[in-house]
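Hi everyone, thanks for coming.

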Amino acid sequence: MSAAADAIASGALNGRVWFYSNYHCNLQCSYCLTESGPRVLRRELPGEVILDRAAEAEALGFTAFGVTGGEPFIRDDMPALVAELGRRRPTVVLSNATLLNERRLRELEPVADLPVHVQISLDHPDPVANDEMRGPENFRKVMEAIPKLVERGIGVRIATTLEDPDAVDPEQRERLCELHRSMGIPDEDHVVRPIVNRGRAATNDLGLLAGFEQLEPELTVTVDGAFYSPFGPTVRGGRLDSDLLVSRATAPLQRPVDALLRIADQLPDGHDASIGIR
Ligand code: SF4
């Protein structure tokens, strides 16, 4: 058994490998960890690199994949990439769901038969409150996209990101849950998570502080190197944060895995690694 497989089996390492496919996005949310937007550096991770690292991850015993950005579906090759990842391991792709036009939806149809979920951001049951953080018309576009995915049999999860999930008004939460249930998304596919104080969220003074001790170790591969968590490769003032970088080299994958495990081993027992991207 590889060191990674051992660590996954013992719970010391999350079995999912994340890929940051790109950093550009059609939106500019106020809490975006990566300061994404239409005109930022793209920092694209080439498709062949994603698939090569995924094959290595499989051989090392990783059990799942995740794709995030930026908005992954801004890339024309994303539907095929997600399908290929899903043929290897259960895969989740994080999306704002506002670029899922008929062509993209058609291209995505093959993932309906695979263990793939598109995880869509939806923060509030009221359009005005939702769009405050995510931009005009976001709520409407998300409400249109979800049924189109569901009717094609494509797995959908809803992710709600809040300043303080524990302080949310129960009535507001229930209305949001009624909304996703009405679209056929069960409660187990609704995740609620806190805003993390990095990237644009830090600039706007939002969210929880998160470092090694608050984050679950989840190997995260980007074009700039491998990070300890998908909350690591954030951008502030146009510069990539490197405090959670574990290795500039991502190949062979064993290298960042070893570096990440060395860091995880040095953390004090019982540290509260409670913030996960899902
Ligand atoms: S939070 Fe997501 S949807 Fe919003 S700007 Fe960032 S990458 Fe785009």
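Let me start on one helix, α2, where the face turned away from the buried side carries two exposed residues, Glu48 and Ala55. A quick word on terms: a residue is buried if 20 or more other C-beta atoms lie within 10 Å of its own, exposed if 12 or fewer, and partly exposed in between, with C-beta atoms placed from the backbone. Helices (H or I, at least four residues) and strands (E, at least two) are DSSP runs, numbered from the N terminus.

Before I go on, please keep in mind that this is a predicted model: local features need pLDDT of at least 70, side-chain atom pairs count only at pLDDT 80 or more, and totals for chains, interfaces and linings use all residues. Residues are numbered from 1 along each chain as its sequence is written.

Back to α2. Which of its residues are buried? They are Ile50, Arg53, Ala54 and Ala57. These cover an arc of only 110° around the axis, so they sit on the same side of α2; the arc is that of the directions from the helix axis to the C-beta atoms. They pack against β1 (16-20), β2 (64-68), α3 (78-88) and β7 (220-222), where contact requires C-beta atoms, placed from the backbone, within 7 Å. After α2 comes Gly61, with a positive phi near 105°.

Now have a look at α6, residues 138-151. Its 14 residues should span 20 Å at 1.5 Å a residue, and the end C-alpha atoms are 21 Å apart, which agrees. That expected span is 1.5 Å times one less than the number of residues. Buried in α6 are Asn138, Phe139, Val142, Ala145, Ile146 and Leu149. Their arc is only 130° around the axis, which puts them on the same side of α6. Among the elements covering them are β4, α5 (127-134) and β5.

That brings us to the sheet. In what order do the 9 strands of this open sheet run? The order is β6-β5-β4-β3-β2-β1-β7-β8-β11, with mixed pairing. Here β6 (190-194) and β11 (245-247) stand at the edges with a single partner strand each, so one side of each has no neighbour in the sheet. Two strands count as paired if DSSP finds at least two bridges between them. As an example, β4 (residues 116-121) and β5 (residues 155-162) pair in the parallel sense over 5 bridges, and the bridge partner of Ser121 in β5 is Ala159.

What about the inside? The largest nonpolar core has 64 residues, of which Phe19, Val82 and Ile120 touch the most other members. By nonpolar core I mean a set of buried Ala, Val, Leu, Ile, Met, Phe, Trp, Tyr and Cys residues joined through C-beta atoms within 7 Å. α6 gives the most to this core, with 5 residues. Leaving aside neighbours within four places in sequence, Ile120 is in contact with residues including Ala97, Val142, Ile146 and Ala159.

Let me finish with some backbone details. Ala97, in the loop between β3 (91-95) and α4 (102-108), has a phi near 65°, a positive value in a residue other than glycine. Is Ala97 buried or exposed? It is buried, because 24 other C-beta atoms lie within 10 Å. Glu137 also has a positive phi, about 70°, but this residue is exposed, with 12 other C-beta atoms within 10 Å. Finally, a cis peptide bond joins Ala251 and Pro252, with omega about -10°, and Pro252 is in the loop between β11 and α9.

How values were computed:
Contact = placed C-beta atoms within 7 Å.
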